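The points below should be read beside the sequence and the structure.

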2 protein chains.
Amino acid sequence: MNLKEFASRLELSQTTVSRALSGYPEVKQATRERVLKAALEYGYRPNTSALGLATGRVGAIGIVLKGGGEFGPHTSEFMGGLGGRLQQEEIDILVSTVDSQEAELTTYRRLAASKRVDAVILHSPFLDDPRIALLNSLRLPFIVHGRTNYAGNFGWLDIDNFGAVRQATRHLIDIGHRRIALLNGYRGRIFAEHRQEGYHTALSERGIAIDPALTGNSEFTDEMGFRLMQGFLKLDRKPTAVVAGSMMSALGAMRAIRIAGMKVGEDISLIAHDDVFPYISPDHLVPTLSTTRSSIRAAGARIGEMVLELLQGTPAETLREVWPVELVIRNSTAAAKTS
Amino acid sequence: MNLKEFASRLELSQTTVSRALSGYPEVKQATRERVLKAALEYGYRPNTSALGLATGRVGAIGIVLKGGGEFGPHTSEFMGGLGGRLQQEEIDILVSTVDSQEAELTTYRRLAASKRVDAVILHSPFLDDPRIALLNSLRLPFIVHGRTNYAGNFGWLDIDNFGAVRQATRHLIDIGHRRIALLNGYRGRIFAEHRQEGYHTALSERGIAIDPALTGNSEFTDEMGFRLMQGFLKLDRKPTAVVAGSMMSALGAMRAIRIAGMKVGEDISLIAHDDVFPYISPDHLVPTLSTTRSSIRAAGARIGEMVLELLQGTPAETLREVWPVELVIRNSTAAAKTS
DNA sequence: CTGAAAGCGCTTACAG
DNA sequence: CTGAAAGCGCTTACAG
């Protein structure tokens with residue numbers, strides 16, 4: 001059913017019905033109630049395309065994902081939070097899949113030119129990310145999950161990756177560890193750079209030399225955690241503690257440690273970054289896992305809110321947040337054995 | 001830039017430009033080339049809302065996800081495949097998040113009434129799923145990932161869950177196991193029912209009694225695999241073999257087995273269903289993991305194709321596929337110890 | 001408080 | 001092979 005038919009059934013003009021539905025003040029209360037009730041009864045809803053054409057708003061937020069690796073658990077959780085918040089305003093998420101960085105840029109051009117979304121979420125930014133400049137030039141509103149060094153005027157939400165890893169590393173040093181490994185993301189991604197800095201800072205503060213052999217850069221997967229940990233354990237001077245980038249990396253690392261005949265929380269201490277997945281809890285691992293905790297789902301929800309604010313006219317430069325990260329000590333960390 | 005401006009720059013009518021862009025045959029070859037070249041140059045693309053209004057097609061396929069659990073690794077992989085195929089036609093995925101079954105139904109009504117998507121993908125169907133009847137009554141085209149018992153006229157793609165588990169269970173029996181556990185999904189979901197039947201059939205065929213204590217029904221997560229396996233290991237008559245529903249369940253189960261001081265592939269045999277995640281390979285586990293293999297990403301891609309065919313007029317009843325599942329024996333399965 | 005009508009940016013039947 | 005114009009279903013400035 002379209003507006004014309006719906007309005008005629010109510011014996012009102014399209015104008016009045018439209019205004020009643022959109023909450024405009026100039027409609028008599030009784031009329032509005034009658035319209036809203038009838039809309040529910042007939043299941044009338046404005047055609048999105050017509051609405052988009054008339055208002056310029058299409059009620060969708062875009063996110064571009066690389067088909068290969070980016071459809072992972074982190075993205076899922078993030079989108080769960082984002083979608084949950086947007087759903088309250090009946091705004092949906094439009095997912096575009098691409099297979100290269102180049103295709104991603106092309107997709108932003110397409111989304112902007114065809115006015116397919118009201119805004120986009122940019123994620124996992126690089127140092128000086130070319131996507132930022134492109135989105136600015138396309139005048140496509142966006143919020144960044146993460147930060148960049150690009151000095152543009154845009155909103156973002158990031159967690160304190162630097163502080164999280166610095167805190168974790170410091171704690172390990174405090175309880176006697178000197179050979180501390182880091183399972184990090186790929187260089188070039190801002191969050192990985194911040195973590196690396198946090199790690200280096202903590203070590204330097206205590207006068208501990210940095211050994212490049214104790215850093216691994218890869219995806220945050222079980223498998224890569226396993227492989228990198230196996231590599232660490234083959235070193236002549238093995239680490240006695242590890243800071244892992246995610247729960248997935250930690251699971252793989254724990255497996256490698258066990259297979260090598262060592263015990264987590266005794267022979268090797270482990271702290272992982274916990275994005276708070278509903279299906280893997282650090283409290284249920286054996287031993288329970290010390291973590292730096294920050295809900296990526298909550299970040300998604302907040303970013304959804306920030307996008308809504310942005311679209312309502314809030315200046316982008318006021319939409320910037322750094323979330324602190326909490327260190328939670330459990331049983332996977334213990335004082336270094338005196339050798 | 002809109003069509004009017006674009007056409008006037010080319011000194012052509014909107015009609016001709018529109019036809020050239022849409023590949024209509026009545027346009028002179030030279031004209032078409034000039035238009036296509038200019039479109040690329042100016043970055044002109046039709047406004048999606050206008051296009052949707054004029055044609056009734058909006059270039060998006062919907063998928064409704066429950067915010068809680070459904071944003072997981074299986075969905076991610078599936079969407080990676082789906083999106084990859086749809087992207088070739090510049091069709092995007094519209095994700096709607098809901099938090100209840102009731103909200104899911106409401107969302108289909110909203111999507112249909114507002115003509116927000118051209119079709120939807122239905123996933124994880126139940127026995128006699130109410131969503132099927134609703135989508136039919138809404139006349140919203142859809143393809144089901146999975147099957148249902150509902151006798152409606154619709155397209156679907158499913159893997160042979162029955163055959164996969166029957167085959168795995170049979171193999172374990174063949175190598176001497178009699179106490180075989182099953183880590184399955186929740187009852188009521190068709191795929192879980194099919195797996196349960198495959199398991200029961202294999203046991204019955206060989207005259208092995210079914211012990212309900214050896215079946216666990218839950219999500220396919222590391223944590224649930226761990227917990228359910230711990231439960232099995234507490235039984236007086238422990239299983240000597242396990243069929244796990246996913247790689248995630250298997251990882252948790254392996255952990256539980258190790259913690260109990262047993263060895264996978266020696267004390268306990270394990271076969272897992274492998275949806276082929278790029279980040280967890282059964283060949284890299286220790287021991288390598290025997291699996292029933294079927295790429296959920298490939299299924300997503302094929303379903304994308306089926307949706308496109310459906311929208312082009314292919315009758316739904318001809319769009320039905322059951323994919324066979326391959327049993328791959330690796331080192332996690334071994335002959336039962338003679339006790 | 002309500003309504004008639006222009007306009008959003010396309011496609012396409014119709015005319016040439 | 002090309003174009004003028006109606007129509008898709010809304011919103012909203014304007015008039016009353």
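1. Contacts between the protein chains. Two residues are in contact if their C-beta atoms, placed from the backbone, lie within 7 Å. By that rule, 53 residues of chain A are in contact with 53 residues of chain B. Helix 5 (73-87) of chain A gives the largest share of the side of chain A that touches chain B, namely 9 residues. Helix 4, strand 2 (92-98), helix 6 (101-113), helix 10 (222-233) and helix 11 (247-259) of chain A are also among the elements that each supply at least two residues. Here helices (H or I, at least four residues) and strands (E, at least two) are DSSP runs, numbered from the N terminus. By class, this side of chain A holds 20 nonpolar, 21 polar and 12 charged residues; Ala, Val, Leu, Ile, Met, Phe, Trp, Tyr, Cys and Pro count as nonpolar, Asp, Glu, Lys and Arg as charged, and the others, Gly among them, as polar.

2. Basis of the model. The model is predicted: local features need pLDDT of at least 70, side-chain atom pairs count only at pLDDT 80 or more, and totals for chains, interfaces and linings use all residues. Residues are numbered from 1 along each chain as its sequence is written, while chains are lettered from A and ligands numbered from 1 in the order in which they are written.

3. The same surface serves both copies, as 100% of the contact residues of chain A recur in chain B.

4. Strand 2 of chain A and strand 2 (residues 92-98) of chain B pair in the antiparallel sense over 3 bridges; two strands pair if DSSP finds at least two bridges between them. Within this pairing, A:Leu94 stands opposite B:Leu94.

5. The unreviewed UniProt entry places the feature "domain: HTH lacI-type" at residues 1-55 of chain A. UniProt positions follow the numbering used here, feature names are shortened, and annotations may be inferred rather than shown by experiment. The span is 71% helix and 0% strand, and its end C-alpha atoms lie 20 Å apart.

6. Helix 2 (14-22) and helix 4 (48-55) of chain A, with helix 2 (14-22) and helix 4 (48-55) of chain B, each give two or more residues to the surface near DNA strand C. That surface has 10 nonpolar, 12 polar and 3 charged residues. DNA strand D is likewise surrounded by 25 residues, the closest being A:Leu3, A:Ser18, A:Ala50, A:Ala54 and B:Ser13.

7. Chain A as a whole. Chain A has 12 helices and 12 strands, and its C-alpha atoms fill a box of roughly 90 × 40 × 30 Å along the principal axes. Of its 339 residues, 48% count as buried. A residue is buried if 20 or more other C-beta atoms, placed from the backbone, lie within 10 Å of its own, exposed if 12 or fewer, and partly exposed in between.

8. Enclosed strands. In strand 6 (residues 180-184) of chain B, 5 of the 5 residues are buried, so this strand is largely enclosed by the rest of the structure. B:Ile180, B:Leu182 and B:Asn184 point one way, and B:Ala181 and B:Leu183 the other. Strand 6 of chain B pairs in the parallel sense with strand 8 (residues 241-244) of chain B over 4 bridges, where B:Ala181 stands opposite B:Val242. In chain A, strand 3 (residues 119-123) has 4 of its 5 residues buried and is also largely enclosed. Strand 3 of chain A runs parallel to strand 1 (residues 60-66) of chain A, joined by 3 bridges.

9. An exposed position. B:Ala209 lies in the loop between helix 9 (190-205) and strand 7 (215-217) of chain B. Is B:Ala209 buried or exposed? B:Ala209 is exposed, because 7 other C-beta atoms lie within 10 Å.

Technical notes
Near = placed C-beta within 6 Å.
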